[in-house]
Amino acid sequence: MVTTPFHANRPMLVILDFGSQYSELIARRVRELQVYSEVLSYRTPIAEIRERNPQGIILSGGPNSVYDRHAPHSDPALWDLGIPVLGVCYGMQLMAQQLAGGLVEPALKREYGRASLRVDNSTDLLKDVADGTTMWMSHGDAVTRLPKGFVKLAHTENSPCAAMADHERHFYGVQFHPEVVHSVGGMALLINFVRNICRCEPTWTPESFIEESIADVRAQVGTKRVLLALSGGVDSSTLAFLLHRAIGDQLTCMFIDQGFMRKEEPERLVKLFRDQFHIPVVHVQATERFLERIKDVSDPEEKRKRIGHEFIQVFEEESSRLGPFDYLAQGTLYPDVIESSGENIDPATGERVAVRIKSHHNVGGLPKNLRFKLVEPLRRLFKDEVRKVGRVLGLPEEIVNRHPFPGPGLAIRILGAVDYEKLTILRDADMIVRQEINASGLYHSLWQAFAVLLPVKTVGVMGDQRTYAYPVILRLVTSEDGMTADWARMPYELLERIATRIVNEVTGINRVALDITSKPPGTIEWE
Ligand code: XMP
């Protein structure tokens, strides 16, 4: 968790997290309104909250009941801070429970999904929120008696009190989730709270972030040298641009070419940085080493492990050769910061449990005991904010909008053992997939689009000849965050063009199949 306040004169909101899957989303919505916000655990001591000088606090939802024995409670001193508070779902119930006179009980009817909001009082929080607008509900408890000083603002068919306010103290509670996309009037409500009630000016912009980060980085590293491992993804590329602007040639970008990138990508990356943006990149060509290290290895996790270890070894060798460096730049993002401190309470035992479990470790991840100090200027940003910052810094769209690409690259898209021949075959097939998806204009509608090479051979016929060659699988998926995914319904004509071109143009492949499995139960990658 970030403990030092970030530019204390910047208007900001604190989101107190009670374990909701939407806490992060609330923060993102507030930031979309150009107001900086941070997600903090509900356990955060009041002094730490005060240090940030927030202009308002939002209490998130949560999976517990406020009357569970081990239900998470915030410090009651919160109510004496003298700043506006908005409680969302569990947050509203907590408000009702902690403030005198309120009562929370199991609802007569659980309410889940869309509900029509009937506005009874549209003074401030619900100003411009249309009567009858759709809001997203997900709760089993309800506020059955308002705390002293509160009035009801709205109801729904199943919730006699769906929103409440104490206009004097600026305390507000809503039973629904204004932050989710299904809540049609949600953004209007958040604008009312953030801009009008908390009086936050819109100052959180990519430009202001860049300006402040540059000053911070300069102050942090002084005249020392910084090393950055560039992968070509949007995070490390944005980081490279930002740091180069901040410290110029004190920055060394190192690109370790494992040999598992897509066709022409390593050359393009280095050329783009070097020639177009005048950011020198040390291109470490390590294909042979990596291939040797995973020779005959079929197990996917063993492959990942060996690639990861080799990466660290190459990194250490090269950094001592190019160094010494005092600092290592890392593209840590805000979700990583929240995740590493994320917690939830098991209502049965009162023990902390992790909210989210990271499913993958990027092979670019480096061990903690390296001798460098860290520079992590992106640690306040969500992924979509990194893209905005990258764009303002002049990063080309092809990098800003790049689909995710796994650290071990094509090595986990060649099932079983990896060798040069298979890499060449898959690279050529993958190139055709990319070319056709780009030409179709559908690139942006997809989360990822790629080919997977199977380690078996199938029979085909070409001209008068029988062929015996590898099949590839097309994996085209849509997704919001990679945690779940659906197979993309692409036009038949596009699929046909991809299949025809691959079989005609790539020697070694004679069959193309389409993966129509969603995640879950499938994963996006095949290994
Ligand atoms: P799965 O296959 O688990 O993938 O559905 C979810 C997302 O993670 C990416 N992925 C990886 N990324 N190292 C990475 O950096 C890995 O080992 C790895 N495996 C999967 C995958 O491309 C998708 O975006």
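Helix axes here are lines fitted to C-alpha atoms over the stretch in contact, with angles running from 0 to 180 degrees between N-to-C directions. With that in hand, welcome to a short tour of this predicted model.

**Helices H5 and H11**
- The axes of H5 (residues 206-221) and H11 (residues 383-392) come within 9 Å of each other, crossing at roughly 80 degrees.
- Angles of 65 to 115 degrees count as roughly perpendicular, so H5 is roughly perpendicular to H11.
- On the H5 side, the contact is made by Pro-206, Glu-207, Phe-209 and Ile-210, while H11 brings Lys-388, Val-389 and Val-392.
- Sorted by class, this contact of H5 with H11 has 5 nonpolar and 2 charged residues, and no polar ones.

**Ala-165 and its surroundings**
- You will find Ala-165 in strand E8, which spans residues 163-166.
- Ala-165 has a relative accessible area of 0%, so this residue is buried.
- Setting aside neighbours within four places in sequence, Ala-165 is in contact with Gly-149, Phe-150, Val-151, Leu-153, Phe-171 and Tyr-172.
- Gly-19 lies 146 residues from Ala-165 in sequence, and their C-alpha atoms are 23 Å apart in space.

**Cysteines**
- The structure holds 0 disulfides; a disulfide would need a pair of cysteine sulfur atoms within 2.5 Å.
- For Cys-161, the closest cysteine sulfur is in Cys-89, and at 13 Å that is too far for a bond.
- The sulfur of Cys-200 has its closest cysteine sulfur in Cys-198, 5.3 Å away, which is also too far for a bond.
- Cys-161 counts as buried because its relative accessibility is 8%, and Cys-200 counts as buried at 2%.

Terms used:
Residues numbered from 1 in each chain as written. Predicted model: local features only at pLDDT ≥ 70, side-chain atom pairs only at ≥ 80, totals over all residues. Heavy atoms only, no water. Helix = DSSP H or I, 4+ residues; strand = E, 2+ residues; numbered from the N terminus. Parallel < 35°, antiparallel > 145°, perpendicular 65-115°, else oblique. Contact = heavy atoms within 4.5 Å. Nonpolar A, V, L, I, M, F, W, Y, C, P; charged D, E, K, R; others polar. Buried < 20%, exposed > 50% of the residue type's maximum accessible area, 1.4 Å probe, protein only.
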